[in-house]
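Dear colleague,

I am handing over the structure we spoke about, and below it you will find some notes on what turned up in it. Please read them with the model open beside you.

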Amino acid sequence: MRTTLVAAALVGALILALTGCVESGRTETGGAAVACPVPVDDGFTGSVRIGYQDIPNGDLIVKDTDLLRTCLPNGTFTWSKFASGADVIQGFGANSLDIGLLGSAALSRALSAPLRENLRAIWIHDVIGTAESLVAKDPAITSVAGLRGKRIAVPFASTSHYSLLAALSAAGIDRDVRLVNLAPDAILGAWKGNQIDAAFVWEPTLAKLLSDGHTITSAAETARAGKPTYDLAAARTEFVSANAKFLQVWTAAQNWAVGQLNGDPAEAATHIAAQLGIPVDEARKQLTEYSYLDATTQSGPAYLGGQLGEDLRGAAEFLLGQGEVGGLAAPEAYTGASYAEAAARVGGK
């Protein structure tokens with residue numbers, strides 16, 4: 001075993017104890033209506049099930065403005081919130097999702113053995129920077145190596161999990177820590193109860209941990225060391241093949257939201273703050289911890305048009321070395337997992 005896991009009974013107790021600690025925002029749409037960035041399509045009458053997470057990116061803006069319903073007024077769109085990429089993978093496995101937000105590490109895991117899910121990355125919601133960080137409570141711990149023998153919480157099968165494994169491996173202590181698999185909301189309660197020593201997690205939980213903790217490293221630093229991470233939208237290959245026209249409209253909506261994030265962050269923050277249930281100023285701060293790519297950039301060779309597939313394969317190889325997946329899929333399962341066509345059409349390529 002690479003690590004020693006804290007007993008499942010403790011994890012279960014932590015989760016049960018934290019049921020009342022979830023801080024929710026606006027779970028439905030409710031922001032001011034905006035114009036559709038492409039011609040309205042009255043002919044689409046399908047139903048699309050969308051899985052989202054409480055991560056500050058364009059997905060929350062599209063949800064808050066009800067933009068899909070504006071663009072496709074005769075369609076039916078169901079939004080369901082998930083706590084982590086592992087939960088989104090389960091949603092795909094149960095055939096309860098058509099589109100879901102998950103991290104690049106989670107997608108690599110889903111493509112690999114034993115799951116071997118037939119998924120495609122259809123959009124990059126964000127490039128993760130300091131928004132996912134490793135935080136320690138003891139001020140005497142100032143490096144990753146200082147966490148030897150400590151209890152570290154992280155949502156398994158997430159980008160934070162991948163970044164944490166990379167950081168621990170680089171420090172040479174990947175066999176000398178105890179990892180606890182907790183959802184972000186449960187991490188906060190475990191932190192307050194002194195049941196963990198550190199955590200690698202994302203916003204908005206991260207900001208709460210930093211009120212009495214400090215950053216040791218971040219996804220930005222592991223990316224510079226060759227382990228980049230992204231939040232992606234994924235869909236089953238058969239859904240992609242059957243819904244090219246819908247996906248072009250969906251991509252146009254996401255691209256419009258990226259324009260808001262990069263061009264009018266104050267307005268973007270109002271929608272994200274409403275969805276996350278946090279102050280607008282806090283939402284604006286969180287936006288600086290990610291990078292948001294427009295459709296033209298995404299469809300190019302550095303992302304959906306090429307390199308993303310290589311990054312997915314590299315992540316899978318690393319996870320195999322850490323014992324986190326059962327085996328690799330064929331190389332083309334990763335390199336062919338990107339769907340750049342909709343982004344290319346929206347971006348004018």
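Strand E9 (residues 198-202) is largely enclosed by the rest of the structure, because five of its five residues are buried, where buried means under 20% relative accessible area with a 1.4 Å probe and protein chains only. Helices (H or I, at least four residues) and strands (E, at least two) are DSSP runs, numbered from the N terminus. This is a predicted model, in which local features need pLDDT of at least 70 and side-chain atom pairs count only at pLDDT 80 or more, while totals for chains, interfaces and linings use all residues. Residues are numbered from 1 along each chain as its sequence is written, and side-chain values use heavy atoms, with hydrogens and water left out.

Both faces of E9 are covered, with Ala198, Phe200 and Trp202 buried on one side and Ala199 and Val201 buried on the other. E9 pairs with strand E6 (residues 132-136) in the antiparallel sense over five bridges, two strands being paired if DSSP finds at least two bridges between them. Within that pairing, leucine 134 has phenylalanine 200 of E9 as its bridge partner. E9 also pairs with strand E7 (residues 151-154), here in the parallel sense and over two bridges, and alanine 153 stands opposite alanine 199 of E9.

Elsewhere there is an open sheet of six strands with mixed pairing, in the order E3-E2-E4-E11-E5-E12. Strand E3 (76-81) and strand E12 (290-291) stand at its edges with a single partner strand each, so one side of each is left without a neighbour in the sheet. Helix H5 packs on this sheet, touching E4, E5 and strand E11 (230-236), and its direction makes about 110° with that of E4; contact means heavy atoms within 4.5 Å, and axes are lines fitted to C-alpha atoms, for helices over the stretch in contact, with angles from 0 to 180 degrees between N-to-C directions. Strand E2 (residues 47-52) and strand E4 (residues 99-103) pair in the parallel sense over two bridges, and glycine 51 has glycine 100 of E4 as its bridge partner.

Finally, serine 112 lies in the loop between helix H5 (104-111) and strand E5 (119-128), and serine 112 counts as buried because its relative accessibility is 0%. Leaving aside neighbours within four places in sequence, serine 112 is in contact with Ala316, Val325, Gly327, Ala329 and Tyr334.

With best wishes

Technical notes. Buried < 20%, exposed > 50% of the residue type's maximum accessible area, 1.4 Å probe, protein only.
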